[in-house]
2 protein chains.
Amino acid sequence: MAVGEALQGPLLPVPGVTIGVACAGIKKPNRRDLVVFQLTEGSSVAGVFTTNAFCAAPVVVAREHLASGEPIRCLVINTGNANAGTGEQGLADARETCARLAALRHLETEQVLPFSTGVIGEYLPMETLANGLPNALATLMADNWSDAAHGIMTTDTRPKGCSRQFEFEGETITVTGIAKGSGMIKPNMATMLGFVATDAPVPQALLQSLLSEANEASFNRITIDSDTSTNDACMLMATGRADVKPVTSAEDPLYRHLLKTVREVMLDLAHALVRDGEGATKFVKVAVEQAASTEEALAVAYTIAHSLLVKTALTASDANWGRILAAVGRSGLKDLDVDAVNIWLDDVQIVENGQRASGYTEAAGAAVCAQEELTIRVSLSRGEVSDRVWTTDLSYEYIRINAEYRT
Amino acid sequence: MAVGEALQGPLLPVPGVTIGVACAGIKKPNRRDLVVFQLTEGSSVAGVFTTNAFCAAPVVVAREHLASGEPIRCLVINTGNANAGTGEQGLADARETCARLAALRHLETEQVLPFSTGVIGEYLPMETLANGLPNALATLMADNWSDAAHGIMTTDTRPKGCSRQFEFEGETITVTGIAKGSGMIKPNMATMLGFVATDAPVPQALLQSLLSEANEASFNRITIDSDTSTNDACMLMATGRADVKPVTSAEDPLYRHLLKTVREVMLDLAHALVRDGEGATKFVKVAVEQAASTEEALAVAYTIAHSLLVKTALTASDANWGRILAAVGRSGLKDLDVDAVNIWLDDVQIVENGQRASGYTEAAGAAVCAQEELTIRVSLSRGEVSDRVWTTDLSYEYIRINAEYRT
């Protein structure tokens, strides 16, 4: 199951980035499960990572290597095994993965960032993984983004990728990204895994602030099951191959253009994760308006998006406004004036001043809920702040996938 | 579906309490849906209510009437309609219900407390309800607790009730209670509806503090789907018919005895709600030890209890310790030392110092998870505080019930 169209259009190469993909047999044979990104000399890399206290070994090591100041030249990603909950052995394995790849490319270990996704709590099969590295490197090509999108999938039913270009001072700048994730999705820094690259020249510190800002408006606004993963990571790579002057500040016009485009690409990827959410049959935007702060807008939005009763009503295409109202009521807002709350499903008002809207008919609500895509919009009449998150319904299929995932 | 044994043993009458039950046809014909409790003169009544900002009209009116100081003599409960999200009309209907019953019993309107449970957002069918009142009153009897337990059910698959007695100064004191609730359960003051009565003599203020304390350890420690209802209410009635000296302070031996017994009855009822949780196939205790505070013990316990990934693993009897670990990691504890975390399934240690326990085998974990009842125990090594909550798994059946409830 998945909602809406799958991957559209080609994924454009980013000058300065080559990608290799192999079937290493980490969990299953004949499945693309090992991906290597290689970056041209002079590239910058920024990253955002999970806030889960039990972050996985590769997250710890990737943070260390990013902080080392060594220029990052390779990223290595495996699926089939998350290398999480694996203690000292897991950290040693993540470092060993980097060291093996570094040796093959004549780099320092710190110039490689490791990423893993899959089952928690099992040690990486190191020899299997290491044996796959030469095969992945043998396929290094600029045109491998689509293969890479396949190579990082786990329970995903389809690959996720997005490309955008913009013109700047006569030069075409490209932004291409891929992502994976379908369950255990309530990113709190980034999604399960996202990799975005551009050929724009951006120094590391500015690239990091650009990524953080784009991430806040994209991956940090989606939830499938409210389970923040141990392995979330989103990386932004800038190769500097485009023939324009490097970004020097956040006020730089190129920075603003690039931020807008990266945010678009990341929002597209974030939406693709939700559309492919485990068992998803609906793609739902929850928008909260007239809140007193971003914090309270998000409290209401996430309470609705996480409510099992709202999610199961959506599965049944049931315009059950009482469940939405109850979710608003328990979202923890201080001194909420319930008589000032209004709620719409798309353009159909279902709640007016805290009760059933006067002109509302079940038929009108049911028509909106029958759609594959809809917006739940809540107005709180408490202030000027709006925010929104995206989520899915909760279907039998979600239970099947997650009850069977390890068995 | 439901876990464990249904209602056991007789529900003992409480001197001073009579109960009437009728089939009023509020939502469906020939179904017990209207219950009246009548209390002898001199009784005290205490209540705890939902914290949902959208509390239902009967909750507002019950609070008003309790606060009025008029001695409460009747409670009237209907199922089939929650009278929530119904605005001014709903408040008028709740008051009218009390007035109609008061007129029949020669009471003041304020001496009656109203309760409703069922679908949100529809107006009460007032004439149908009012026509049922004489029929309910015609059956007033001390021995009607079991009928009443049936009469307050909605999606419950079985009635919930519990009786306990204790001896005090040569007198037998009785505590009997009933409750209903199966979904939209994460009480934050009380469960959907609970009614507990005793013949011990306890003035209202002390009865309220006793109820609050017992409630905190029982209904406030369960969750099925984390959706706090709009109609939660739990009432404790004390008729004073037992021939012992009235309680005069919280240090009074009778207060301590009664608190212990009321807490036992309410915990039994709370467990019965979880066992009958929508689609429940497991009854799961989540115990957190060595926390720095009750707040953080509960944060960890509820994060585990609400995790869809943990709940679906339980459905599959899958000892998926990685999902439990990930839930602990995202529960928001500051400076959590992940290497000091230990987790057990019953007596089988699954996580030792933040990773898979050394002696752990999948077979041992699977054997515990195959049980209908189990305990997930987490030790944080941060302090001396323990607490625990009870919950269920998340099955296909939950989805079916909630996707079909209104259709």
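Reader: Which residues does A:Ala301 touch, not counting those up to four places away in sequence?

Author: In this predicted model, A:Ala301 touches A:Val286, A:Val288, A:Asp387, A:Arg388 and A:Val389, once residues up to four places away in sequence are set aside.

Reader: OK, stepping back, how is chain A divided into domains?

Author: Chain A has a domain 1 that covers 17–275 and a domain 2 that covers 283–391, and the C-alpha centres of these two domains lie 35 Å apart. Where domain 1 of chain A and domain 2 of chain A meet, the contact takes 8 residues from each of them.

Reader: What classes of residue are on the domain 1 side of that contact?

Author: On the side of domain 1 of chain A that touches domain 2 of chain A, there are 3 nonpolar, 3 polar and 2 charged residues.

Reader: How many helices and strands does chain A have, and how does its radius of gyration sit against the globule rule?

Author: Chain A contains 11 helices and 15 strands. Its radius of gyration is 22 Å, close to the 22 Å that the globule rule gives for 407 residues, so chain A is as compact as a globular protein of that length. Along the principal axes, the C-alpha atoms of chain A fill a box of roughly 70 × 55 × 35 Å, and buried residues account for 59% of the 407 residues.

Reader: What share of the contacts in chain A join residues at least 24 apart?

Author: Taking the contacts in chain A between residues at least 6 apart in sequence, 81% join residues at least 24 apart.

Reader: Now the other chain: how many residues does the contact take from chain A and from chain B?

Author: The contact takes 46 residues from chain A and 46 residues from chain B. On the chain A side, α8 (308–315), α9 (321–329), β13 (355–356) and α11 (396–404) each supply at least two residues, and α9(A) gives the most, with 6 residues. By class, that side of chain A has 20 nonpolar, 19 polar and 7 charged residues.

Reader: What rotation superposes chain A on chain B, and which C-alpha in chain A is nearest the axis?

Author: A rotation of 180° with 0.0 Å of shift along its axis superposes chain A on chain B, with an RMSD of 0.0 Å, and that is the relation of a two-fold axis. In chain A, the C-alpha nearest the axis belongs to A:Tyr396, 2.7 Å from it. The same surface serves both copies, as 100% of the contact residues of chain A recur in chain B.

Reader: Last one, what do the buried residues of α1(A) pack against?

Author: They pack against β3 (44–49), α2 (87–105), β5 (112–117) and β9 of chain A. The buried residues of helix α1 (residues 57–67) of chain A include A:Val59, A:Ala62 and A:His65, and α1(A) is followed by A:Gly69, whose phi is positive, near 85°.

Definitions and conventions
Residues numbered from 1 in each chain as written. Chains lettered and ligands numbered in written order. Predicted model: local features only at pLDDT ≥ 70, side-chain atom pairs only at ≥ 80, totals over all residues. Domains from an automatic or database assignment. Contact = placed C-beta atoms within 7 Å. Nonpolar A, V, L, I, M, F, W, Y, C, P; charged D, E, K, R; others polar. Helix = DSSP H or I, 4+ residues; strand = E, 2+ residues; numbered from the N terminus. Least-squares fit on C-alpha atoms with pLDDT ≥ 70 in both. Rg over C-alpha atoms; globule rule 2.2 N^0.38 Å. Buried ≥ 20, exposed ≤ 12 C-beta atoms within 10 Å, placed from the backbone.
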